[in-house]
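Here is my note on this chain, point by point. Please read it with the structure open.

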Amino acid sequence: LSMEDLGNIVIPIVGEEEQNQIDKLLRSKIQLFEEKLEKETKKKHLLLEYRQSLISSAVTGKVRVTEDMI
């Protein structure tokens with residue numbers, strides 16, 4: 001590439017208004033993703049608590065576990 005070729009390269013520049021729209025869209029998508037991630041993390045935690053509770057109940061005999069349940 002020569003200096004003339006480099007000087008003739010067109011570099012598109014997005015206007016400030018469009019940049020702001022893109023920024024707003026990306027921020028809303030990130031917020032939605034973070035909310036979903038937080039919700040799924042809470043679900044996982046509750047399921048782990050429930051699992052531990054079931055194991056404890058089965059070990060102490062509060063819940064009867066039969067072979068056909070396994």
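**Notes on the model**

1. The structure holds three salt bridges. A salt bridge here is a side-chain nitrogen of Lys or Arg within 4 Å of a carboxyl oxygen of Asp or Glu. Side chains of opposite charge can pair when their charged atoms come close.

2. A word on the source. This is a predicted model, in which local features need pLDDT of at least 70 and side-chain atom pairs count only at pLDDT 80 or more, while totals for chains, interfaces and linings use all residues. Residues are numbered from 1 along each chain as its sequence is written, and side-chain values use heavy atoms, with hydrogens and water left out.

3. Start with the fold. The protein chain has two helices and zero strands. Its radius of gyration is 28 Å, well over the 11 Å that the globule rule gives for 70 residues, so the chain is more spread out than a compact globule. (The radius is taken over C-alpha atoms; the rule is 2.2 Å times the number of residues to the power 0.38.) Along its principal axes, the C-alpha trace spans about 85 × 30 × 15 Å. Helices (H or I, at least four residues) and strands (E, at least two) are DSSP runs, numbered from the N terminus.

4. Now helix α2. It covers residues 16–60, 45 residues in total. From first C-alpha to last it reaches 66 Å, close to the 66 Å expected at 1.5 Å a residue. That expected span is 1.5 Å times one less than the number of residues. After α2 comes Gly 61, with a positive phi near 85°.

5. Which residues pair within α2? Arg 27 bonds to Asp 23 in a salt bridge, with the closest N and O atoms 2.9 Å apart. Lys 42 meets Glu 38 at 3.4 Å, N to O. Glu 40 meets Lys 43, also at 3.4 Å, N to O.

6. The spacing of these pairs is worth checking. Arg 27 and Asp 23 sit four residues apart in α2, about one turn of the helix. Lys 42 and Glu 38 are likewise four apart in α2. Glu 40 and Lys 43 are three apart there, again about one turn. An α-helix has 3.6 residues a turn, so residues three or four places apart point the same way.

7. Are the pairing residues buried or exposed? Arg 27 is exposed, at 56% relative accessible area. Asp 23 is partly exposed at 35%. Glu 38 is partly exposed at 46%, as are Glu 40 at 44% and Lys 43 at 41%. Buried means under 20% relative accessible area, exposed over 50%, and partly exposed in between (1.4 Å probe, protein chains only).

8. Leu 1 lies in the segment before α1 (3–7) and is exposed, at 86% relative accessible area. Asn 8 lies in the loop between α1 and α2 and is exposed too, at 53%. Asn 8 and Ile 22 are 14 residues apart in sequence and 28 Å apart in space, C-alpha to C-alpha.

9. Finally, the surface as a whole. Buried residues make up 1% of the 70 residues. The chain exposes about 7300 Å², and carbon and sulfur atoms supply 59% of that. Accessible areas come from the Shrake-Rupley method with a 1.4 Å probe; for residues, only the protein chains shown count as cover.
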